[in-house]
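Here are my notes on this one, as numbered points. Have the viewer open while you read.

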Amino acid sequence: MKIVDRILKIKTPKLPPENAFMEKSIKEAGIDPIRWAVIEVEGDILTVSAAGYEI
């Protein structure tokens, strides 16, 4: 398995986002997350640093 680290833009339906929503969104981006962090918020768009196993 390969571990990747990516910066993602995720649109959230509400703030603060629920953990399950974040995990699902990261998996949809092709990463089985080990760790993630919201690093910027612009309205309903979150910039997320995510690391995990490449799906």
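1. A word on exposure before anything else: buried means under 20% relative accessible area, exposed over 50%, and partly exposed in between (1.4 Å probe, protein chains only). By that scale Lys27 is partly exposed, at 42%.

2. Ground rules. This is a predicted model, where local features need pLDDT of at least 70 and side-chain atom pairs count only at pLDDT 80 or more, while totals for chains, interfaces and linings use all residues. Residues are numbered from 1 along each chain as its sequence is written, and side-chain values use heavy atoms, with hydrogens and water left out.

3. The sheet. Helices (H or I, at least four residues) and strands (E, at least two) are DSSP runs, numbered from the N terminus; two strands pair if DSSP finds at least two bridges between them. Here 3 strands make an open sheet in the order β1-β3-β2, with antiparallel pairing. β1 (3-11) and β2 (31-42) are at the edges with a single partner strand each, so one side of each has no neighbour in the sheet. Between β2 and β3 (residues 45-54) there are 10 bridges, and Ile31 has Glu54 as its bridge partner in β3.

4. The helix. α1 (residues 19-28) packs on the sheet and touches β1, β2 and β3; contact means heavy atoms within 4.5 Å. Its direction makes about 110° with that of β2 (axes are lines fitted to C-alpha atoms, for helices over the stretch in contact, and angles run from 0 to 180 degrees between N-to-C directions). Just after α1, Gly30 has a positive phi of about 95°.

5. Which residues of α1 are buried? Met22, Ser25 and Ile26 are, and on the other side Ala20, Lys24 and Glu28 are exposed. Met22 touches Ile10, Pro17, Trp36, Val38, Leu46 and Val48, leaving aside residues up to four places away in sequence.

6. Salt bridges. The cut-off is a side-chain nitrogen of Lys or Arg within 4 Å of a carboxyl oxygen of Asp or Glu, and the whole structure has 6 of them. One joins Asp5 to Arg35, with the closest N and O atoms 3.4 Å apart. This pair links distant parts of the chain, Asp5 in β1 and Arg35 in β2, 30 residues apart. Asp5 is exposed at 52%, whereas Arg35 is partly exposed at 37%. Lys27 from point 1 pairs with Asp32 at 4.0 Å, N to O, and Asp32 is partly exposed at 34%.
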